[in-house]
Amino acid sequence: MSFLSPLFLLGLAALAIPVLIHLIQREKKQIMRFPSLMFVRQVPYKSVQRRRVHNWLLLLIRAAAMLLIIAAFARPFLRRNDVPVVPGTGARELVVLLDQSYSMGYGDRWDRARTAVRNALAQVGPGDRGSLVLFSSNAEIAVRSTNEQGRLSGAVPTGAPSAGATRYAPALKVASSILAESTLPRREVLLVSDFQRGGWRGQEGVTLPSGTTVTPVSVTNAVTTPNVAVTSVTLTRSTFSNQERVAITAAAVNRSEQALSGGTLALEFNGRAVQSERLDIAANGTASVAFQPVTVTGANMRGVVRVSSDGLPLDNAFSFIVSPAQPVRVLLIDNGATGNLYLTRALAVGDSPRYDVVVRRPDAVTEEDLQRAAAVLVNDVNVTAALGRRLSRVLERGGGLLVVAGARAAWPSEVDVLPGTLGGPSDRSRENEARVGGLEFGHPVFEVFRAPRSGDFSSVRFYGYRTVTAAPGAQVLARFDQGTPALLERQVGAGRVLLWASTLDLSWSDLPLKPVYLPFVHRSMQYLASYREPAPWLTVGQVFDADSAGAGSGQRAAITPSGRRVALDDEGGPVLEMTEQGFYEIRQRPGQSGESEAAVVASNVDPAESDLTPMDPKEIVAAAMSNSSGIQGSAQAVPQTPEAQERSQRIWWYLLVLGVVLLGADTLLSNRLSKA
Amino acid sequence: MSLLAGHQPAGVPGARFMDPVVLARIGNLELVARAVCDGFINGLHKAPYFGASVDFAEHRGYVPGDDIRRMDWRLWARTDRYYIKEYEAETNMNFSVLLDVSKSMDYGSIGITKFDYARILTACLTNLVHHQRDRVGFVAFDSEVVAHVPPSAKHMDTVLHTLDKLQPGRPGKLREPLHKLAEHFGRRGVLVVVSDFYDDPEAIVDAVTPLRFRGNEIIVFHVMDPAELNFGFTDAQAFEDLESGEQMPVVPASLRKEYQALVRAHIDALQQKFSEVRIDYSMLDTSQPLDHALHRYLGARERKLRTRQ
């Protein structure tokens, strides 16, 4: 039985009317004025309202009449096909989603999951079709839409789970695409996972085709053994008797209800144990262990921090790479007469990165100086045509050039690399001094000053600057208050040129005395030298770009931690997605006589995955099946004839008549009672 | 009492204090006050007119900062030590009644409203105090201060006149007017708060306590009608709150016990909380004579006099 107008059922609230009539209206008398109802109000409501019902029969008749009339208005009807649709008929399309994230390695989860998958696939009959999708942070189809038992059972993975983290949305999207192509009447999804809370972020826009049933199979078991993960390491560099040392601090987290005591946290370098520290972590606690500083002996030292074995082994090791810090090599061309004090002092400050500055007079610049410099700073110098051509060659091979245009600066017109033409000096020392405004905060040089209270360029006073006319193709990064460019940039070949239209010493401005000076010089040099801090490790799922990381050139191959050899340049550029945990070795000229190691990349599992907190599988099922509900029934409903429909809806008529009859009886009865 | 049978309130002035209902028929407050006080005082063994003389109390060692004029030089001559002479407190003091004239006071089930009862009480206390040569003052408040007569030895008539003119009309609040008044009563004296205290006990004590801060002695009179205490109604009917106008269907018989328990708990809570802050609290039933209230006042005044100056 259903209702055509169920909203009328709200009228059931009207049932309270006869009750109220019986309880209150009968007792209506004059109003009693009372100082305060404060205490009356505090007496529980029930006892205030509870009164004796004087005539139960009358009350019941009135309530029944009201009920019948409301029910009549709600138009009840009988549904002929109320029998539930049995979803067991017809061939079925089964998609099995198997979670192979590394958390499945906890306890016997992986074995139970594979058993569940095998059992499900074994039930795929000759008319059915089955698919197996393996997923972690992304999903891959192991076998697609087949009924061959051999292929299905052979696709179940035999090895350990992957190093990826759990993400349900990609797997459900793949399942959705497989089911959408299917023509079979029954569509089923079997989701085998440990249902970690971290793998689902609520509604992720995944909806399975209508009529699909999702069956979650949870292999979660209680977390009984300590589960400790090393989540990160911090490298602090220092120099000790001319040797670079690095102090390693490891952070470990215990993601279980059991405290760990007496564990060990070991530091290894290149496979050899270096130090070992005791580790005690409370339940759901974190700990941080600082190791003694280690001397950096060479490039690509492979470090591993390893915690003693526990329930989930894959998150116990944390790999990283330690290489000697690479300084930014700067060639400072200077007349010597003008002060380069502030510049050299500014570049002497800083550890990450360090600046290796070589100061040369314009006529003493050697070819070797230019070769080793990543960035050249021409500080208020009259550049000859010969020097200009040599500097342009630095730019061609990807170097950077900062030209500081003070009173003496000149640039040969035949070497067209500058972003602007130098004009005459503009003296602002006698009138209002100039200010810099209109900074391009999106540019890497000025990005650090973007946030409020992180450096104020407008406080710098300029007493003089060169009027510069921007060249076509040049970008103006900052302007003086009268609109002439203050800092310009231009791309030349693979390199970049910056032109600063004033001095970087005290002769034309007080910039060196301002807090913005040091970051400005540092950011300019880093930008020109294309300096990028090398990442000591990547996380599984991230992509390593060999070119931008400066890992060799030409043809390259990577050797994965499991020993597979992957060519880097096969498709889409020299990029490599981290899929395993450990060290990836990037080799140059693979298979040739001069094969050499270009770089080593450390890859770690996602630490968030080691949090084994489970979620309710129904949450995913509800989100994925939001489109499926109710469609099944209507698809199979048999259309009724108008007569049958009318017959099934005729009940309201009887209800209404009965209700009216009861009201009549009520009138008679109450009249008789009141007379009595 | 039989005297109250069939009387009409607000009648001709007369004596009110043998029975409050009878007194309520007397319009002249002064007359009422005098009748009651004289009768009351005659019954006391000890005269309530405390002496205006300055009585020596005790000696105390001199402490730098003490007034040298109060040094007992004779004692110094005998003992070669400095002593200060201490006296009983000054006898002429300030006395003010703070009367709640909110709408809820305008209720009476036995021929005298709580307001009339409180008014007579005020008049009597004022009269008594006036005869003791103390300064009398008066404040009427509901949600704000309605009338104010500053304490003075000559204000007895003004107080009675003001009292006579007052009519309860608006909903009341304790906190705002009392807090405002607390800043006003600078000189130490006796303050009498008369109200029906329809509020949370915490809030009431919180409202009254600041009056004590400057050393005033506080006496709190909680005026209640017998019907408010017993809830002796029989018919089920709608009850209307005098202040808020809210109406509520009530079957008195079914909630009488709970009501009485709640009122009892309210009074007990007030009693306890006021005693915690050392404020003298008494509940006055408007069917009872005023002797009790007057005794309370005299007791408090005596305590006040015992404080050293």
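In strand S9 of chain B, Met248(B) is the bridge partner of Phe239(B). The two strands concerned, S8 (residues 237–241) and S9 (residues 247–250) of chain B, run antiparallel and are joined by four bridges; strands count as paired if DSSP finds at least two bridges between them, and helices (H or I, at least four residues) and strands (E, at least two) are DSSP runs numbered from the N terminus. S8(B) and S9(B) form a hairpin with five residues between them, and Gly245(B) in the turn has a positive phi of about 80°.

This is a predicted model, in which local features need pLDDT of at least 70 and side-chain atom pairs count only at pLDDT 80 or more, while totals for chains, interfaces and linings use all residues. Residues are numbered from 1 along each chain as its sequence is written, and chains are lettered from A and ligands numbered from 1 in the order in which they are written.

| Strands | Sense | Bridges |
|---|---|---|
| S8(B) and S9(B) | antiparallel | four |
| S2(A) and S8(B) | parallel | three |

Phe34(A) stands opposite Asp241(B) in S8(B). Across the chains, 20 residues of chain A are in contact with 27 residues of chain B, contact being C-beta atoms, placed from the backbone, within 7 Å. On the side of chain A that touches chain B, the elements giving two or more residues are strand S2 (32–34), helix H2 (38–42) and helix H3 (45–49) of chain A, with the largest share, four residues, coming from H2(A).

Technical notes: Two residues are in contact if their C-beta atoms, placed from the backbone, lie within 7 Å.
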